[in-house]
Amino acid sequence: MNCPNTVGAVASRYAFLLQQLCSPRQTPLSAYLARTVHAHAVASGFNLRGPILNRLIDIYCKSGRLRHARLLFDEIPHPDIVARTTMVTAYSATGNVNLAREVFGGTPKGMRDTVFYNAMITAHSHDNDGNAAIRLFCEMQRDGFRPDNFTFTSVISAYVNSGRMNEAKEIFQEMPEKNLLTWAVMIAGLAQNGLGEESLKLFNLMKLQGFQPCDYAFAGAITSCAALGSLKSGRQLHSQLIRLGFECSLSAGNALITMYGRCGVVGDARNLFLTMSFVDSVSWNAMIAALGQHGHGVQAVELFEEMLKEGILPDRITFLTVLSACSHAGLVEEGHRYFDAMHDIYGITPGEDHYARMVDLLCRAGKFSDANDMIGKMPFQPGPQIWEAFLAGCRNHGNMELGIQAAERLFEMIPQNDGTYILLSNMYAAKGLWDNVSRVRKLMRDQGVKKEPACSWVEAENKFHVFMVDDTAHPEVNAVYSYLKQLVLEMRKLGYVPDTRFVLHDMESDQKEHAISTHSEKLAVAFGLLKLPRGATVRVFKNLRICGDCHNAIKYISKVVGREIVVRDGKRFHHFKDGECSCRNYW
């Protein structure tokens, strides 16, 4: 028989435990405390009530014990909306969307509230299921629930992840009051979906409306600078970051590494990487990618090995970046070794994108037999990525027979892709097979496929100047053509001869020379030389691959003017200096 004092002491202790449990502050002892109270209640037959049960579920969820949380949740005869919201939120955070949907679907509509809907919309957003999130958003409104700022932010993230930026912008405009998180999500979303100029404008508008940017908003704006190639704006944002005390931000730091790499100053990217107070796998991936894009394959491989020595496990993105670096530098043996290590050492199953990198690596090196063997041994049917890489390699090496086979596969898979027609047409044109060129172009017209127009741009005098092939629209294009003629005269003295094999139409010799002299990258380079300060590096960006004659011509231009010229095309960077290119003609 227990004495009264002992019973009183136990009761007092239990009351103390319950009081501590109800505290909203989460501590390392919270999980232990929850288990203690829960076990004591079960052993003593004590009937735990709503707030205590909800707190127990909350602690179990936050400490990662979702199984315990769900067991307790299922024991409750009628869980209230707080418990249900806690479970949905926990499942959302851990990627268990089906279980979140199960709890949500089992909740009567009369019990639901805005916070509960928000939790489920967020779960769909985390699962990149934008359509489901949007449907739920519409259902929420039909059921008479008024969205709040959190709802709008979550839905905008659904639209952004689905690439539906017009709808995202509409929702953003409808918001009665915009918070900092919503601004940041929109800025990042525009950047990620190729709308860099809009992203930067929105970033500046946010500041004009009195919001001080967070590091996430800065990261989005910096990503826009990377896509646009705006080094000046990127450096300004870097200065603002430091001034506001965000220099230790990991997300902003990673965005800066990518920006400097994508703007042609890989040395600045490397310096930033080395001085960051903390780096993660994303940082390493960004730096390896930057080195690879600039043709520094050996350095990229060395950095990858250093990453492994630091004990940081590579992920599938890491292998994509290092395989790309090997491809651009012709490191076939290293590429094979890393591809095999993915599965054999790190347990990562190579995807089609990894196989495509390997096919690209082998085809660039002219090893078509090895590439064919790899395609034949793939554990799945090769898709467009594989055949695009194979066709590009055939175009580089003039392998007509295999190129036609690859093109036929692509015509079956993606008949509306202009790149296939252009590569095949280029192959025929290089051989002078003009009848075949005409047939390909007719097939293209019959399919209703339009070629993406080549354009190049350069940043000068605080704005971007865009040039198209045979441009007549730019207000200073006549001065550009005049300057180019002067340059060509000097280039010819050094041995430059226009390579008319890259003219894609059958015409007279003098017409061919004129046609290649008006390519967009030549015009942008000439404009940059005219407008940028004497001695400044000219940085030109192009949406498509640079042509062979332009590549050769810009080498001569760099020799004539004694300046460095950097060209970023659709595949990689070329640094031209003193008549040489960093790619060493391996591209």
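In this predicted model, strand β3 (residues 538–542) runs parallel to strand β4 (residues 565–568), and four bridges join the two. Within this pairing, Arg-539 is placed opposite Val-566 of β4. Helix α29 (residues 520–531) packs on the sheet, where it touches β1 (455–460), β2, β3 and β4. The direction of α29 makes about 10 degrees with that of β1.

The sheet as a whole is open and has six strands in the order β2-β1-β3-β4-β5-β6, with mixed pairing. Its edges are formed by β2 (463–468) and β6 (580–581); each has a single partner strand, so one side of each is left without a neighbour in the sheet.

Ten of the 14 residues are buried, so α13 is largely enclosed by the rest of the structure; among them are Phe-218, Ile-222, Cys-225 and Leu-228. Just after the helix, Gly-229 adopts a positive phi of about 80 degrees.

The model contains 20 aromatic pairs. One of these joins Phe-273 and Trp-284 edge-to-face, with 5.0 Å centre to centre and 80 degrees between the planes. Phe-273 belongs to helix α16 (residues 266–275) and Trp-284 to helix α17 (residues 281–293), so the pair ties together parts that are eleven residues apart in sequence. Both residues, Phe-273 and Trp-284, are buried.

Elsewhere, Phe-104, Phe-116, Tyr-117 and Phe-145 make up one aromatic cluster. The charged end of Arg-112 sits over the ring of Phe-104, 4.2 Å from its centre. Likewise, Lys-178 lies over the face of Phe-172, at 5.0 Å from the ring centre.

Technical notes. Residues are numbered from 1 along each chain as its sequence is written. This is a predicted model: local features need pLDDT of at least 70, side-chain atom pairs count only at pLDDT 80 or more; totals for chains, interfaces and linings use all residues. Side-chain values use heavy atoms; hydrogens and water are left out. Buried means under 20% relative accessible area, exposed over 50%, partly exposed in between (1.4 Å probe, protein chains only). Two strands pair if DSSP finds at least two bridges between them. Contact means heavy atoms within 4.5 Å. Axes are lines fitted to C-alpha atoms, for helices over the stretch in contact, and angles run from 0 to 180 degrees between N-to-C directions. Rings of Phe, Tyr and Trp (its six-membered ring) pair if their centres lie within 6.5 Å; planes under 30 degrees apart count as stacked, over 60 as edge-to-face and the rest as tilted. A charge sits over a ring if NZ of Lys or CZ of Arg is within 6 Å of the ring centre and within 35 degrees of the ring normal.
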